[in-house]
Amino acid sequence: MTANGFWAPFVSAGPFALGIIIILFVLSVVSWAIFFRKLRQYRQASAQTKGFLGVFGYRRGLKDYQELTRMFPASPLTALLNAAVEEWRVLKEQFGSGAGADALSQLVPNISEAMERAGSKEIDRLESSLSFLAITTMVAPFLGLLGTVQGVLRTFLSLRGAQMPTLQLIAPGISDALITTVMGLLVAIPAALFYNYFVGRVRSLQSEMERFVSEMTGVFRREVIATQFNNRQEEK
C-alpha cells in the first residue's frame, strides 16, 4: 500500500472524515446484508405463490385448502387462507345449523376482514428492513456532504496565516472532501436501487393477495349457500 495508491485517501483521512467513512461503511454492509436476505425471501415467496395459485384451482374442499397451506408455507397467500379457514370454522360452529344458517350469509364479510388483517401482517413482514434502506438512501449523501464541507473548511483553515499556499497544505482537506462524497454516493446509490426494486416486488405480491381475497370471498359465499341448502334438505 503506497501513499498514492487506491487506499491512500482512506489511510490519510482526518479523524472527522474517518468517522464518516466508518459510519458509511457500516451502512453499506448492513444494506448489502438486507439485500441478500430480502432477495432470498422475495424469490421464495414469489415462487411459492406461483405454485400455490397453480394448484389452488384444483382444490375443492377446506381439507384440500389446509393441505395447500402445508405445501407452500413461504407464500403470503398461505397466511390469508389459514385466516379464512379459521374464521370460517368459528362462524360455522356458531351459526352453521338451524336458524343461524341464514345469519351465516351475512357474516361472509368477516372472512374477508380476517384475510385483510392477515394480509396486512404479511405486508409488514415483507416490508421489514426496507425502512433501513430508505433511511440509508437519504442519510448517506448528507453524511458525504458533511465530510465534504468539513474537508473544505479544513483546507481554508490550513491556509490561514500561510504566506504562500502549497499543495501540501491544500491536499489533505481536499482529499477528505472528495473521499466522503464518493463514499456517500457509493452507499446511497445501491441502497436506492435495492429499496425501489424491493418495493416493486412487495407491490406485486400485494396485488396477488388482493385478488386472492376477492376470489376466496366468492368461494365462501358458495360454501354458505351449500350449507343452507344441506340444512334445508336435512329438515325435510
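# Close-up views

**View 1. Ser120 sits in helix 6.** The model shown here and in the other views is predicted. Ser120 has a relative accessibility of 40% and counts as partly exposed. The reason is simple: partly exposed residues fall between the 20% mark for buried and the 50% mark for exposed. Gln206 is 86 residues away from Ser120 along the chain, yet the C-alpha atoms of the two are separated by 9.2 Å.

**View 2. The whole protein is built from 8 helices and 0 strands.** Follow the sequence and the pattern reads α-α-α-α-α-α-α-α. Of its 236 residues, 39% are buried. The protein exposes about 13800 Å², and carbon and sulfur atoms supply 63% of that area. Now take the contacts in the protein with a separation of 6 or more. Residues 24 or more positions apart account for 77% of them.

**View 3. The largest nonpolar core holds 40 residues.** Which members touch the most other members of this core? They are Phe52, Leu81, Phe198, Phe212 and Met216. Several helices contribute. At least two core residues come from each of helix 2 (15-56), helix 3 (62-71), helix 4 (76-95), helix 6 (108-127), helix 7 (130-159) and helix 8 (167-235). Helix 8 gives the most, with 12 residues. In soluble globular proteins, nonpolar side chains tend to be buried together.

**View 4. Phe212 is one of the core residues that touch the most other members.** Which residues does Phe212 touch, not counting those up to four places away in sequence? They are Phe52, Leu53, Phe56, Leu77, Leu80 and Leu81.

**View 5. Thr78 is found in helix 4.** Is Thr78 buried or exposed? Its relative accessible area is 5%, so Thr78 is buried. The cut-off for buried is under 20%. Leave aside the neighbours within four places in sequence. Thr78 is then in contact with Phe52, Thr69, Phe72 and Pro73.

**View 6. Helix 2 packs with helix 7 at an angle of about 160 degrees.** Two packed helices are described by the angle between their axes and the distance between the axes. For helix 2 and helix 7, the axes are 10 Å apart. The angle makes helix 2 roughly antiparallel to helix 7, because angles over 145 degrees count as roughly antiparallel. The crossing of the two helices is left-handed. On the helix 2 side, the contact is made by Phe16, Ile20, Ile23, Leu24, Leu27, Val30, Ser31, Ile34, Lys38 and Tyr42. On the helix 7 side, the contact is made by Leu130, Phe132, Leu133, Thr136, Ala140, Leu143, Leu146, Gly147 and Gln150.

**View 7. Helix 4 packs with helix 6 at an angle of about 150 degrees.** Their axes are 8 Å apart. Helix 4 and helix 6 are therefore roughly antiparallel to each other. What is the handedness of the crossing of helix 4 and helix 6? The crossing is right-handed. Helix 4 makes the contact with Pro76, Ala79, Leu80, Ala83, Ala84, Glu87, Trp88 and Leu91. Helix 6 makes the contact with Asn110, Ile111, Ala114, Met115, Arg117, Ala118, Gly119 and Glu122.

**View 8. Ser129 has its place in the loop between helix 6 and helix 7.** Look at the backbone here. Phi of Ser129 is near 80 degrees, a positive value in a residue other than glycine. Ser129 has a relative accessible area of 24% and is partly exposed.

**View 9. Leu186 is found in helix 8.** Leu186 has a relative accessible area of 54%, so this residue is exposed. The cut-off for exposed is over 50%. How far apart are the C-alpha atoms of Leu186 and Ala140? They are separated by 8.7 Å, although the two residues are 46 residues apart along the chain.

Note on methods: Residues numbered from 1 in each chain as written. Predicted model: local features only at pLDDT ≥ 70, side-chain atom pairs only at ≥ 80, totals over all residues. Heavy atoms only, no water. Helix = DSSP H or I, 4+ residues; strand = E, 2+ residues; numbered from the N terminus. Buried < 20%, exposed > 50% of the residue type's maximum accessible area, 1.4 Å probe, protein only. Contact = heavy atoms within 4.5 Å. Areas by Shrake-Rupley, 256 points an atom, 1.4 Å probe, with all protein chains shown as cover. Core = buried A, V, L, I, M, F, W, Y, C linked by side-chain atoms within 4.5 Å. Axes fitted to C-alpha atoms, helices over the stretch in contact; angles between N-to-C directions. Parallel < 35°, antiparallel > 145°, perpendicular 65-115°, else oblique. Left-handed = near helix turned anticlockwise from the far one by under 90°.
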